[in-house]
Amino acid sequence: MPPFLDVLLALTVVALAALALVDRQLVRACSWFVAFALGVALTWLSQGFLWLALLEVVFGAALTGSFLFYSLGVRPGAVEPRGRLSRWRDPLPLTWRRGVLRLLPAVAVVIMLVMALADFGQVPGPQRLGGLGLIFLGLWAFALHRHLLRRLLAFNVIGTGIFLILMALVRDTTPAAGHGLVITGLVVALLGTALGSLLIRRLNGLDASRGSSVTLAEQGSG
Amino acid sequence: MIERLGLLIPASSESGDLGAVLSLLAAPLVMGVLASLWRPQHSWPVALLSLLPIATLALLAHQVLAADGQAWLIELGALTLHWRANGLTLLLLLLTQVVSLASAAYAPAYLRTEIGSHGGQVWLWPLQGLLLSSLSLIWLAGDLLSLYVGLELMGLAAVGLMLLPGRVDALAAGMRYLLLALVGSLAFLLGVSLLLGAWARLDLAGLAQVAEPGIVLWVSVALLSAGLLLKAAAFPLHAWLAPVHGSAWTPVSALHAALVVKGSFFIALQLWLVLVPDAQVAAWLVGAMGGTAVVWGGLLAWRSAKLKEVVAWSTVSQIGYLLLGFSLLIGTSPSVTAVAWEATWLQLAAHSLAKAGMFLATGNLIFSTGESHVKGLAGASRRMPLSLLSFGIAAISLIGLPPSAGFTAKWLLLHASLEAGYWLWMVALALGTLLSGAYIFRVFRYSFVEDAEPLDYRRVPWSMELFALLLALSSLLLGLVAEWPLSLLRPAGGGP
C-alpha cells in the first residue's frame with residue numbers, strides 16, 4: 001500500500017493539470033499550470049530528488065510561467081490581457097474527421113505505454129500512474145485543442161508525465177542517467193515554450209497590425 | 001552491423017585525446033557567436049574562417065584513421081557519455097562541414113541583396129553554429145543521452161533558423177514545425193525512458209547486448225522510430241516539410257534539407273541496427289513506406305506550382321530511397337547488407353550535396369527573376385545560364401544519371417534489392433527515376449520557353465552563383481571518386 005501522502009500528491013498534480021488544460025480562460029489556465037508545476041516540484045521533493053525539485057521550481061514554474069504570461073500580454077501591473085489572442089488559432093479548422101485522426105495516434109501511444117509498463121512486473125506506484133494520467137490528459141489536449149498556447153501547455157504536461165514515469169522506473173537502478181535525461185528534457189521544454197510564446201506574441205502583433213486573421217489562416221494552410 | 005557503426009571500438013584511456021573532438025564541437029559554436037558580433041558582409045572571410053573547423057576535423061581524422069577508429073568515455077560525475085568515431089563518422093562530419101561551409105559562404109551576399117536589414121539576421125550565425133555542433137554530436141554519440149541532447153539542440157536550432165524571415169507565413173509554418181519537433185522529441189524521450197527503465201543503461205553497445213525482444217523493446221523502438229521519422233519527414237509524416245521550406249531563407253532551406261532530416265534518419269537507422277537487428281518484417285514495412293515515399297514525393301514534385309515546393313517534395317522522395325535501406329540492412333543476408341550499407345550512406349551523401357546545391361541554385365533563380373513559380377522561369381535560359389547549369393548538375397545526381405554519386409548509390413540499391421529478392425523496390429526505384437526526370441525537365445521546359453515576355457532580371461552576386469555551382473559539382477564529382485568514401489565505410493582492415 002503506497003503512502004497516503006504520495007497518492008494525494010499524485011492526485012493533486014493530475015487534477016491541477018486537468019484544470020490547466022480545460023479552463024476556458026487562458027490567464028487562469030496559465031495560473032493553474034504554475035500551480036501544477038509547483039505540485040510536481042513537491043512530488044520530486046517527496047521522493048528525495050532535491051535538484052529536480054529546485055529546477056522544476058525555477059524552470060517549470062517561474063520561467064515557463066513568465067513566458068506563458070508574456071505570450072498573453074499579462075504584466076505585473078496590468079492583469080487584463082491585451083491583443084486579440086483569442087483569434088489566433090490553428091490555421092486548419094478542427095473537424096470530426098481530423099479530430100479522430102489526431103486522437104488515434106494518441107490512443108495508440110497510451111495503449112502501447114500501458115502494455116509496456118504492465119510488462120515491467122512491479123506493482124505500479126502513484127508516481128507511475130500519475131505520470132500515465134498526465135500523458136493521457138496531455139495527449140488528449142494536444143490532439144483536440146486548437147489554440148497554440150493550450151497546445152504548449154499540453155506539451156509541458158506530457159513532458160512532466162514522462163519525467164515522472166522515468167524517475168519512478170530508474171529510482172533504484174540508475175538515478176544519475178535519469179537525472180541527466182530529465183534535466184535535458186526540462187531545459188528543452190523551457191526553450192520550446194519560450195520559442196512558442198515569443199511566436200504567439202509575434203503572430204498576435206502581426207495579426208493586429210493586419211487587422212484580419214482570415215488572410216493569416218489562408219497563408220498558414222497554403 | 002554494430003561493429004560497422006563503430007560502437008565496439010574500445011575506449012582509449014588517454015585524456016588528451018578529447019581535445020580534437022571537443023574543439024570540433026566547440027569551433028562552430030564559438031565562430032557563430034563571434035560572427036553575430038561582427039556580421040560578415042562578404043563571402044571570403046566566412047570561407048576563410050570556415051577552414052578552422054575543417055582543420056579540427058582533419059586533426060581528428062588523422063587520429064582516428066591512424067588507430068582505425070577511436071572511442072571516448074566522458075565522465076560527468078556518476079554519468080558516463082560514450083562517443084566514438086570511425087570512417088562513417090568522419091564521412092558524415094566532412095559532409096556536414098562542406099554543406100554548412102557552402103551555405104554560410106552563400107549567406108552574406110544573399111542577406112545583403114535579398115533580405116536587406118529586416119528579419120533576424122543577427123541570429124543566423126549563432127543558430128547555424130549550434131546546428132553544426134549538434135549535428136557533429138549526433139554523428140559522434142554512442143549513447144542515448146548524448147543523442148537526445150544532440151537531437152534536441154538540432155531541432156531547436158532548426159526551428160529558430162526557420163523563423164528568421166519573420167513574415168507571417170514563416171512564423172505560421174515555424175510554429176507547426178516547432179510543435180511537430182516537440183512531439184517528436186517527447187516520443188523519443190518516452191522510448192529512451194522505457195529502455196533505461198528496463199535495462200538500466202544508455203550506451204548503445206551495452207544495450208545491444210542486454211536488450212531482449214519483448215513488449216518493452218518493441219514499444220520503445222516504436223516510440224523512438226515514430227519520433228525520429230516524424231522529424232526526418234519520412235513518408236506518412238512528411239506533410240510539414242514543403243510549407244516550412246517554402247517560407248525559409250534559401251541557405252537555411254539548403255542546410256535543413258541536406259543535413260537536419262539526415263540527422264534524425266541516422267539516429268533511427270542506428271537504433272534499429274543496435275536494438276532490433278533481426279526485425280525483418282518491421283524493416284520491410286519501413287522499406288514499403290520508403291518505396292511509397294519515392295513515388296508519392298516524385299508525383300507531388302511534378303505537380304507543384306512553386307519552384308521551392310518542387311525541391312522540397314523531391315526531398316520527400318529522396319528520403320524514401322534512404323528508408324529502403326532499412327529493409328535491406330535489417331534481417332537480410334550478409335552479401336545484401338554489404339552492398340546496402342554502402343548504398344545507403346552514399347545516397348545520403350549524394351543527396352545532401354545535390355539537394356543543397358539545388359536549393360542554392362533555386363534561390364538564385366528566384367532571386368534573379370523575382371518569381372517563385374515554375375512558370376515564372378519562362379525565358380530564364382537566356383539570362384541565367386550559370387544558375388540553370390548548377391540546377392542541372394545537381395539534378396543529374398538527384399535523378400541518378402551516371403557519372404554522379406546519385407547514380408552509383410541507386411545502382412547499389414538496385415543491386416541489393418535484386419539480391420534480396422525485393423522486386424517491388426526495383427519498381428519503386430525505376431518509377432522514382434522516371435518521376436524525378438519528369439519534374440526536373442518540367443522546370444527546364446519552362447526555362448527554355450523562347451517567346452516569353454522579357455522580365456526584369458536582377459544580376460546574381462558571383463558568390464551566390466559560385467557556391468551553388470561548387471556544391472552541385474561536388475555531388476557529381478563524388479560519383480567519379482566514389483571509391484574513396486566507400487573505402488572509408490568498409491570495416492576495419494580495408495580502410496585506407
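Predicted model: local features only at pLDDT ≥ 70, side-chain atom pairs only at ≥ 80, totals over all residues.

Me: How many helices and strands does chain B have?

Reply: Helices (H or I, at least four residues) and strands (E, at least two) are DSSP runs, numbered from the N terminus. Chain B has 20 helices and 2 strands.

Me: What radius of gyration does chain B have?

Reply: The radius is taken over C-alpha atoms, and the globule rule is 2.2 Å times the number of residues to the power 0.38. For 496 residues a compact globule would have a radius near 23 Å, and the 21 Å of chain B agrees with this. The C-alpha trace of chain B spans about 70 × 55 × 45 Å along its principal axes.

Me: What share of chain B is buried?

Reply: Buried means under 20% relative accessible area, exposed over 50%, and partly exposed in between (1.4 Å probe, protein chains only). In chain B, 66% of the 496 residues are buried.

Me: Which residues touch the most other members of the largest nonpolar core?

Reply: In soluble globular proteins, nonpolar side chains tend to be buried together. A nonpolar core is a set of buried Ala, Val, Leu, Ile, Met, Phe, Trp, Tyr and Cys residues joined through side-chain atoms within 4.5 Å. The largest one here holds 260 residues, and B:Trp72, B:Phe188, B:Leu194 and B:Leu275 touch the most other members. Helix 14 (residues 334-369) of chain B gives the largest share of this core, 20 residues.

Me: What does B:Leu194 touch?

Reply: Contact means heavy atoms within 4.5 Å. Beyond its neighbours within four places in sequence, B:Leu194 contacts residues including A:Leu113, A:Phe120, B:Val216 and B:Leu223.

Me: Is A:Phe36 buried or exposed?

Reply: A:Phe36 is buried because its relative accessible area is 1%. A:Phe36 lies in helix 2 (residues 26-47) of chain A, and among its contacts more than four places away in sequence are A:Leu16, A:Leu134 and A:Val157.

Me: Where does B:Gln121 lie?

Reply: B:Gln121 lies in helix 5 (residues 121-140) of chain B. With 8% relative accessibility, B:Gln121 counts as buried, and B:Arg39 and B:Trp249 are among the residues it touches.

Technical notes:
Residues numbered from 1 in each chain as written. Chains lettered and ligands numbered in written order. Heavy atoms only, no water.
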